[in-house]
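Welcome! Please take a look at the sequence and the structure shown here, and then read on for a short tour.

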Amino acid sequence: MRVAALLKQTEERLQAAGRDRAAVEWWLMHVLQVDRTGLLVRLSDELSEEEAKRFEDGIERLLTGEPVQHVIGQAPFYGRSFEVNRDVLIPRPETEELIDWLLGQIHHVANDEIVDVGTGSGAIAITLSLELGVRVQTVDISPEAIAVAKRNAESLGADVRFYEGDGLAPIADRSIRILVSNPPYIEADVLLDETVVGYEPHLALFGGADGLDMYRQLISESVRVLRADWQLIVFEIGYNQGQDVKSLLSERYPEAETGILKDINGKDRIVYAVREGI
Ligand code: GLN
């Protein structure tokens, strides 16, 4: 069968099974090792037997609801490709917006002044390290996640320090000027789509009864690691957590300017505190 017909037929199979048909093209580009233009060029070709078998194996996994990023083993984030598996959250486009905003805020930063807590695949820390040209500190409670993040840092050539532990506990000194985190923030009883809850680590998703446990913990621990001239605390948040997290921050840091930013879908997604007078 020609590539064009195979693509159409397979997209229909996925759609009939209630899955995302866009995954088919993404997976096929990976099997053929081509970009979208490369795929167009091959539309009237036949797949080799080996390619067809590999393609179908992946399609079977997509039909069961496995995320395409797991089938490929990689996910794009801020123009780079990150290894992902069941031990880490798949980086989300909303988090790329967080990076965009952060890069606009950070003007002067030196090695080890940024910490990313709950780094997972390392997407935030590695991107900041590469974009800013500094060493970034990271913490994650999961040794499996740290293993993935280390491989990503290595393959992308990023300068990142890894600590295994809970919250900010492993950060010993007052070295931090910028604290970033996309912690687990889903409320305990929220039902997520099976493609998320069946494949991504619950440790990275659920943040206690009201989803705010990690914000409380990090804000309380932050007083111990932030330098007197700290600049910025930034959290990714759930769409309904903006006011709560902003209040937690302004209670602890009344002198700071706090704010809530929306994502591209118009949902509250980022809460920040900026120390005044900088
Ligand atoms: N944004 C993720 C989701 O909607 C949740 C990520 C998180 O809890 N930090 O599945």
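Predicted model: local features only at pLDDT ≥ 70, side-chain atom pairs only at ≥ 80, totals over all residues.

Residues are numbered from 1 along each chain as its sequence is written, and side-chain values use heavy atoms, with hydrogens and water left out.

**Two domains**

The chain splits into domain 1 (3-72) and domain 2 (85-274), with bounds that come from an automatic or database domain assignment. Seven residues of domain 1 and six residues of domain 2 take part in the contact, where contact means heavy atoms within 4.5 Å. Taken over C-alpha atoms, the centres of domain 1 and domain 2 are 33 Å apart. Between them the two domains bury about 600 Å², of which 59% lies on carbon and sulfur atoms; buried area is the accessible area (1.4 Å probe) that two parts lose on being put together, summed over both.

How many salt bridges are there between domain 1 and domain 2? The count is one, a salt bridge being a side-chain nitrogen of Lys or Arg within 4 Å of a carboxyl oxygen of Asp or Glu. The side chains of Arg19 and Glu194 also form a salt bridge, at 3.3 Å from N to O.

**A glutamine in a loop**

Gln231 sits in the loop between α11 (213-225) and β7 (232-236). Helices (H or I, at least four residues) and strands (E, at least two) are DSSP runs, numbered from the N terminus. Is Gln231 buried or exposed? With 10% relative accessibility, Gln231 counts as buried; buried means under 20% relative accessible area, exposed over 50%, and partly exposed in between (1.4 Å probe, protein chains only). The Gln231 side chain reaches the backbone oxygen of Gln105 at 3.2 Å. Along the chain Gln231 and Gln105 are 126 residues apart, and 9.4 Å separate their C-alpha atoms.

**Two residues with positive phi**

Gln33 has a positive phi although it is not a glycine, and Tyr78 likewise has a positive phi without being a glycine.

Technical notes: Polar contact = N/O pair within 3.5 Å; in protein donor to acceptor, adjacent residues only side chain to side chain.
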